[in-house]
Amino acid sequence: MKPAHLSLAASASLIALMVLCVLWEGWLAPVRPGGSWLTLKALPLLLPMFGILRGRRYTYQWTSMLSLLYVAEGVLRVGDPGLMGFFAASELVLALVLFFSTMFYARLTAPSRQPGDMR
């Protein structure tokens, strides 16, 4: 894949994951009726937003590790009943797309993989 495609996948999955976290815990299937403080789990996803959109390799590197927190939550909550399980599965898929797209982007854009490198 080309870095441009991976960048688009990372950007789209990051934005979709933020929107999902807010809607899920705020209105659609909160832990407590009326919403919960778990909507704040979307805040860490704001940190890499501008670096991802600007294509900064270092941001892609650490965002791949950040996405694993959302993978873990999705795995733990996927067995929940009703809509909670569906949203957890959605979170899991989006977090995995984010993980793999950021990881492969960072790998493909490494200075050692650029043309003209004699390593």
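The legends below describe close-up views of a predicted model. In this predicted model, local features need pLDDT of at least 70 and side-chain atom pairs count only at pLDDT 80 or more, while totals for chains, interfaces and linings use all residues. Residues are numbered from 1 along each chain as its sequence is written, and side-chain values use heavy atoms, leaving out hydrogens and water.

**View 1. Crossing of helices α1 and α3.** The axes of α1 (residues 3-28) and α3 (residues 57-77) come within 12 Å and cross at roughly 40 degrees. Helices are DSSP runs of H or I with at least four residues, numbered from the N terminus; axes are lines fitted to C-alpha atoms over the stretch in contact, with angles from 0 to 180 degrees between N-to-C directions.

**View 2. Residues between α1 and α3.** Ser7, Ala10, Leu17, Cys21, Trp24 and Glu25 of α1 meet Tyr60, Tyr70, Glu73 and Arg77 of α3 (contact: heavy atoms within 4.5 Å). Six of the contact residues are nonpolar, one is polar and three are charged. Asp, Glu, Lys and Arg count as charged, Ala, Val, Leu, Ile, Met, Phe, Trp, Tyr, Cys and Pro as nonpolar, and the others, Gly among them, as polar.

**View 3. The largest nonpolar core.** Among the 19 residues of this core, Leu14, Leu17, Leu45, Tyr60 and Tyr70 touch the most other members. A nonpolar core joins buried Ala, Val, Leu, Ile, Met, Phe, Trp, Tyr and Cys residues through side-chain atoms within 4.5 Å, buried being under 20% relative accessible area with a 1.4 Å probe, protein chains only. Two or more residues each come from α1, α2 (49-54), α3 and α4 (83-108); α1 gives the most, six.

How values were computed: Buried means under 20% relative accessible area, exposed over 50%, partly exposed in between (1.4 Å probe, protein chains only).
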